Amino acid sequence: MNSINLISRMKLVYLDVESTGPDMLSGEDIINFGTTALIALVSGISNGCTEKLLAAPEYELRERFKSNYEFVIAQVMSELQNPIFAELRPLMSGKIGMICETVHLEFKELVSMIVPDASSLRMMGLSTTRKIAAKNKVVFGTGDYWRAPTLTANMGFLRAISQTGMSLLTLEHRPPALTGD
């Protein structure tokens, strides 16, 4: 399975923020993508390039990935043992996908819906710290505003949020490496 097959299992719906708000949809119908989830969707590793990477000479891979070489190889091995799309398929199937403008700046035209940054009041009320970055408050806060779980591998942010006593709707996945072809 590749990312196109996975995304094709989602509902394609245009949400007009002016006329559609979080009260019009069930959180069960919608999913807010975090940056790491989008990386999983576009990574060469999750889209069939594992064999090609393993076939390349080690010196080429070390030159290409520099200090990330060990991480990339671990991701390749993890993908071979446990394909991430098998993990994401039940979380995404039948959902309306959305990303906020902040994530969109990094990943244009990947999902069917892009909404303006609309962070929830409770998320924006948190102090910005090293562990609770402003960008993440916007990304996760937009999901919170729409009552949509945010699909993410950003466990550091989630731990920091849980330490504030706040709970967020999230769906977790393992972190992917971004590789291209």
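**Exercise 1.** How many cavities of 30 Å³ or more does the count give?

*Solution.* The structure is a predicted model, in which local features need pLDDT of at least 70 and side-chain atom pairs count only at pLDDT 80 or more, while totals for chains, interfaces and linings use all residues. Residues are numbered from 1 along each chain as its sequence is written, and side-chain values use heavy atoms, with hydrogens and water left out.

Step 1. On a 1 Å grid over the protein atoms alone, a cavity is a set of points where a 1.4 Å probe fits but cannot get out. Points are joined across faces, edges and corners, and the volume is the space filled by probe spheres set on the points.

Step 2. The count is one cavity of 30 Å³ or more. The largest cavity holds about 60 Å³ of space.

Step 3. Lining residues have an atom within 4 Å of a point; among them are Ser43, Gln75, Glu79, Arg174 and Pro175. The lining comprises five nonpolar, three polar and two charged residues. Here Ala, Val, Leu, Ile, Met, Phe, Trp, Tyr, Cys and Pro count as nonpolar, Asp, Glu, Lys and Arg as charged, and the others, Gly among them, as polar.

**Exercise 2.** State the order of the strands in the open sheet and identify the edge strands.

*Solution.* Step 1. Strands (E, at least two residues) and helices (H or I, at least four) are DSSP runs numbered from the N terminus. Two strands pair if DSSP finds at least two bridges between them.

Step 2. The five strands follow the order 3-2-1-4-5, with parallel pairing. Strand 3 (114-115) and strand 5 (170-172) are the edges, each pairing on one side only.

Step 3. Three bridges link strand 1 (residues 30-33) to strand 2 (residues 96-100) in the parallel sense; in this pair, isoleucine 30 faces isoleucine 96 and isoleucine 31 faces glycine 97. Strand 2 is also joined to strand 3 by two bridges, with isoleucine 99 opposite isoleucine 114.

**Exercise 3.** Is isoleucine 30 buried or exposed, and how many residues of strand 2 are buried?

*Solution.* Step 1. Buried means under 20% relative accessible area, exposed over 50%, and partly exposed in between (1.4 Å probe, protein chains only).

Step 2. Isoleucine 30 belongs to strand 1. Isoleucine 30 is buried because its relative accessible area is 0%.

Step 3. In strand 2, five of five residues are buried. Ile96, Met98 and Cys100 lie on one side, and Gly97 and Ile99 on the other.

Terms used:
1 Å grid on protein atoms, 1.4 Å probe; cavity = no way out; pocket = protein on both sides within 12 Å on 5 of 7 lines; lining within 4 Å.
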